Amino acid sequence: MASSSWNPLSSSEEQEVVPGKQGGLGTFGGVFTPSILTILGVIMYLRYGWVVGNVGLLGALLVVTLSTGITLLTAFSIASIATDQRVRIGGAYYMISRSLGLETGGAVGIPLFFALALSVALYTVGFAESVVSVFPGLNQRVVGLVTTLGVAAIALVSAKAAIRAQYVIMAAIGVSLISLYFGSPVEPSDIEMWGARDRLSEPFWVVFAVFFPAVTGIMAGVNLSGDLKDPGKSIPTGTFAAVGVGYLIYMTLPLVLATRADAATLIEDPLIMRRIAFWGDAILLGVWGATLSSAVGSILGAPRVMQALARDGVLPRWLRWLGHGSGEEDTPRYGTLLTMGIALLAVGLGDLNAIAPVLTMFFLTTYCVLNVAAGIETALNSPSFRPTFKVHWSFSLLGAAGCLAVMFLINATATVIAMVAVSAIFAWLKRRGLQAAWGDVRQGLWMAAVRAGLMRYSGRPDPKNWRPHILVLTGAPTSRWHLIDLASSWTHNRALMTVATVLPDEGFSLERQQNMQNLIKEYLAERGVQSLVRTIRAENPFEGSERLVEAYGLGELAPNTVLLGDTRDPAHHERYCAMIRRLYHAGRNVIIVQQEEDQDLGSRKRIDVWWGGLKGNGGLMKIMAYLLQTSLRWQEAQVVLKMMVETEAAAEDAYSNINPILQRMRTGAELDVIVSRGRSFEEVLHTSSRDANLIFMGLAAPDETDHFTAYYEALRAKTEDLPPTVFFLAAEPMAFEEMLID
């Protein structure tokens, strides 16, 4: 018999192993090249002299260092996420959605797609403007449209073809930089350390805001994640290399500029580099290369983000065709055509200056959220998060804070617009109830928050913060929906509510019990009820309820109130009352709802509370009446406190004593003192409350009567023909009156 090696994973449990993309892009071509070309962009050529002229040599070096520092912190976060998970197509969207969920990923990914698509137009229009400035006979709009079609054609062929085109562009930028370094001064100048002395220069943070977009090109390589041979290796290595090379170039250029022209000239002449360079036209090649490389990077990234959004089901069903890929490289040709269409429309409209700041905000929002995702993942220290590149969570959150600060520095209005757009998309996706096939960090966040709360929750009675944490014993929720409806109105979605069902011990396997629990969860969710769900198996409902009340809870946090339906079978009264006695002795408030299945609560206009004062049941009833009255479905109800006295004098005393107390309660309840005039309580009850929508009454404690079952049966008989009636039995050691009167 041949031996076989032992596999610890069964076929059903075998983990997915995703190989690297055969023939995919490497680190240099797939990450470093698009990133460095986006970093060394038009701001370097057309605004760096202005930066040095305004803040001087030392100021420029400080601007570069601060800007690159924020970018480096974001690169740390990207490296941390990229070395923990297989980053597939979608780049930044993929990372965010797998960490913070589909809603957050989609809320960032959809604006990111449009920002990238419009960036294509922004760069091609910039390219057209520079070309027309050299060749005035050309039409700027035509040049922009032709250029957009050209970069789209390159992207449609393949990502590799686009990268090869970027090698040529990078060579042109290299030639321009060499020509600049070997250039000569245009005038005698003193090195200005902190800006122009003879003129009013721009403030430091204004200059910083103008320069910062020059170092935000690190996402160009990340957006090609689906085309990389080994994203986990290439993304960190290529990104760090691009940040480092960009930093070295930006730190040396101020020395060249400050020694070859004075501050005023640097500020006034956007093409000062052309005058300084050994071969001036090489600077034009650099400007053209910078704009074209950024356009190519955007038209490669945008359709891949859209492709990932479509495949994850974030987009509406009628847009799922955008997830299709063509050829061995899985090129998103449909997405590229859509991106091209948006870019052509924007180029045709012309001026993009108004939307350019908002585009920058969307990019910075992406960086900010990536930093937050990495920071949370690291802080939670989940066993599933095991990056090979480790960074402390504080660095990631510092990067997020830096991105947010820079957003407001650049353009506060555009920042607000971007935040509103992202929030609106998040709300839309949340309403759609997207279901992901993977877990995300939100569960870990909630677990950490729950644990922290439980460890700090003392469980001591606190009238100031008391709420009814209700355990609803419903049986089948469909047959006793009125119990769930009342409990939900009492909790206001702020207290804990648990819908519990006791299943027969025989005939219900653990699997069937779990299925029943899931069905109840879905049933409640469909009706908008926020509740925990619990099922338990027992020989009979009474034993199951008692066991559940004794065992259910977590640490000091357990239901303080049990909500029951009435039992109609006289044969069960004895056992039912025994259960009430046991719940009472367990320190749980007991609420019993006597309501027929076909009995309606009507207009929900009036709640009668038969009241005996603030102590015990009276305090609990008054609190629960107020909570019900302030719920959405009972907001128009009037709470009427009912009292019966024997004489007119007693009625006057009751009004004079109780009305001031009611005013101090500030609950809006009315007092109705009824003189019996020889009538029994039962007669007064039926006469006075027959038009109420709901009646509250207190229940005697089981230990206060010798025959509790007989007492309960008599009480049921007295109230049988009344509107729905709720009996209250306060058992919790809580001073309810302190909640009502300050």
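# Reading cavities, cores and salt bridges

Tutor: About 50 Å³ of space lies in the largest cavity, and since this is a predicted model, that volume is a computed value for the predicted coordinates.

Student: How many cavities of 30 Å³ or more does the structure hold, and which residues line the largest cavity?

Tutor: The general idea is that rolling a probe the size of a water molecule over the atoms shows where empty space is left. In this structure there are five cavities of 30 Å³ or more, and the lining of the largest cavity consists of Ile 39, Thr 68, Thr 71, Val 215, Val 243, Gly 246, Tyr 247 and Tyr 250.

Student: Which helix gives the most to the lining of the largest cavity?

Tutor: An α-helix has 3.6 residues a turn, so residues three or four places apart point the same way. Here helix H10 (231-258) and H3 each supply at least two residues of that lining, and H10 gives the most, with four residues.

Student: Which residues touch the most other members of the largest nonpolar core?

Tutor: Tyr 250, which also lines the largest cavity, is one of them; the others are Leu 40, Tyr 48, Met 95, Phe 211 and Ile 235, in a core of 129 residues. A second, separate core has 53 residues, among them Ile 623, Leu 641, Val 673 and Phe 728.

Student: How many salt bridges does the structure hold, and what does the pair of Arg 582 and Glu 550 tie together?

Tutor: The structure holds 15 salt bridges. In the one between Arg 582 and Glu 550, the closest N and O atoms are 2.7 Å apart. Arg 582 lies in helix H22 (residues 573-585) and Glu 550 in helix H21 (residues 541-551), so the pair ties together parts that are 32 residues apart in sequence. Arg 582, at 41% relative accessibility, counts as partly exposed.

Student: Which distant parts of the chain does the pair of Glu 596 and Arg 568 link?

Tutor: The salt bridge between Glu 596 and Arg 568 has its closest N and O atoms 3.4 Å apart. Glu 596 sits in the loop between strand S5 (589-594) and strand S6 (606-610), while Arg 568 sits in the loop between strand S4 (561-565) and H22, the two being 28 residues apart. Both count as partly exposed, Glu 596 at 37% relative accessibility and Arg 568 at 41%.

Student: Is Asp 608 buried or exposed?

Tutor: Asp 608 counts as buried, at 0% relative accessibility, whereas Arg 606, with a relative accessible area of 22%, is partly exposed. These two residues form a salt bridge, with the closest N and O atoms 2.8 Å apart. Elsewhere, salt bridges that share partners join Glu 546, Glu 550, Arg 575 and Arg 582 into one network.

Student: How many residues of helix H19 are buried, and what follows just after H19?

Tutor: Helix H19 (residues 481-491) is mostly covered, with ten of its eleven residues buried, including His 482, Asp 485 and Trp 490. Just after H19, His 492 takes a positive phi of about 60°.

Definitions and conventions
Residues are numbered from 1 along each chain as its sequence is written. This is a predicted model: local features need pLDDT of at least 70, side-chain atom pairs count only at pLDDT 80 or more; totals for chains, interfaces and linings use all residues. Side-chain values use heavy atoms; hydrogens and water are left out. A nonpolar core is a set of buried Ala, Val, Leu, Ile, Met, Phe, Trp, Tyr and Cys residues joined through side-chain atoms within 4.5 Å. Buried means under 20% relative accessible area, exposed over 50%, partly exposed in between (1.4 Å probe, protein chains only). A salt bridge is a side-chain nitrogen of Lys or Arg within 4 Å of a carboxyl oxygen of Asp or Glu. On a 1 Å grid over the protein atoms alone, a cavity is a set of points where a 1.4 Å probe fits but cannot get out, and a pocket is an open set with protein on both sides within 12 Å along at least five of seven lines; lining residues have an atom within 4 Å of a point. Grid points are joined across faces, edges and corners, and a volume is the space filled by probe spheres set on the points.
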